[in-house]
Amino acid sequence: TSFEQGDACAIRGDVGKFSVVHGANLLCRLPKPLDFLSRLKDIVVDGGLVVLISPYSWLPAYTPKDKWLGGFTKPDGQAADSFE
């Protein structure tokens, strides 16, 4: 059993793999949330669990607007948000 705490946008390369990765109130407080999300495939064992809990309260003070998740247009032309 191990526990790792560190910079979610710069997870060290030799951190290993975990059966559970938990990110609470994290995504909307990262400067580059996709950097964290893209690393999950490398640090979660096959069949492992990723738990993400977020209020999706994006603020430019934490995350530049161009890095906010969501913000794309759905096929019907309506804007999508983080809850979709």
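The structure is a predicted model: local features need pLDDT of at least 70, side-chain atom pairs count only at pLDDT 80 or more, and totals for chains, interfaces and linings use all residues. Residues are numbered from 1 along each chain as its sequence is written, and side-chain values use heavy atoms, with hydrogens and water left out.

**Overall build**

Helices (H or I, at least four residues) and strands (E, at least two) are DSSP runs, numbered from the N terminus. The C-alpha trace spans about 45 × 30 × 20 Å along its principal axes.

Of the 84 residues in the chain, 26% are buried. Buried means under 20% relative accessible area, exposed means over 50%, and partly exposed is in between (1.4 Å probe, protein chains only).

The accessible surface comes to about 5,900 Å². Carbon and sulfur atoms hold 55% of that surface. Such areas come from the Shrake-Rupley method with a 1.4 Å probe; for residues, only the protein chains shown count as cover.

Contact means heavy atoms within 4.5 Å. Take the contacts between residues at least 6 apart in sequence: 65% of them join residues at least 24 apart.

The chain carries 9 positive and 10 negative side chains. The centres of the two sets lie 3 Å apart. Lys and Arg count as positive, Asp and Glu as negative; His and the chain ends are not counted. Each charge is placed at NZ of Lys, CZ of Arg, CG of Asp or CD of Glu.

**The helix**

Helix α1 covers residues 33-43. Its buried residues are Pro 33, Phe 36, Arg 39, Leu 40 and Ile 43. Seen down the axis of α1, these buried residues fall within an arc of 130°, so they line one face of the helix. The arc is that of the directions from the helix axis to the C-beta atoms. An α-helix has 3.6 residues a turn, so residues three or four places apart point the same way.

What do the buried residues of α1 pack against? They pack against β1 (18-24) and β2 (44-53). The face turned away from the buried side carries the exposed residues Leu 34 and Lys 41.

**The cysteines**

A disulfide is a pair of cysteine sulfur atoms within 2.5 Å. By this rule the count is zero. Cys 9 is in no disulfide, and the nearest cysteine sulfur, that of Cys 28, is 12 Å away. Cys 28 is buried, with a relative accessible area of 0%.

**A buried threonine**

Thr 63 lies in the segment after β2. Is Thr 63 buried or exposed? Thr 63 is buried, with a relative accessible area of 0%. Leaving out residues up to four places away in sequence, Thr 63 touches Leu 27, Cys 28, Arg 29, Leu 30, Pro 31, Pro 33, Trp 58 and Trp 68.

**Residues with more of their surface open**

The table lists relative accessibility for several residues.

| Residue | Relative accessibility | Class |
|---|---|---|
| Lys 41 | 61% | exposed |
| Gly 77 | 47% | partly exposed |
| Asn 25 | 43% | partly exposed |
| Lys 67 | 35% | partly exposed |
| Tyr 56 | 25% | partly exposed |

Asn 25 lies in the loop between β1 and α1. Its phi is near 50°, a positive value in a residue other than glycine. Tyr 56 is in the segment after β2. Phi of Tyr 56 is near 50°, again a positive value in a residue other than glycine.

Lys 67 also has its place in the segment after β2. Setting aside neighbours within four places in sequence, Lys 67 is in contact with Pro 31 and Pro 33. Lys 67 and Lys 41 are 26 residues apart in sequence. Their C-alpha atoms are 20 Å apart in space.

Lys 41 belongs to helix α1. Lys 41 and Lys 17 are 24 residues apart in sequence and 9.3 Å apart in space, C-alpha to C-alpha.

Gly 77 sits in the segment after β2. Gly 77 and Ala 8 are 69 residues apart along the chain, and their C-alpha atoms are separated by 33 Å.
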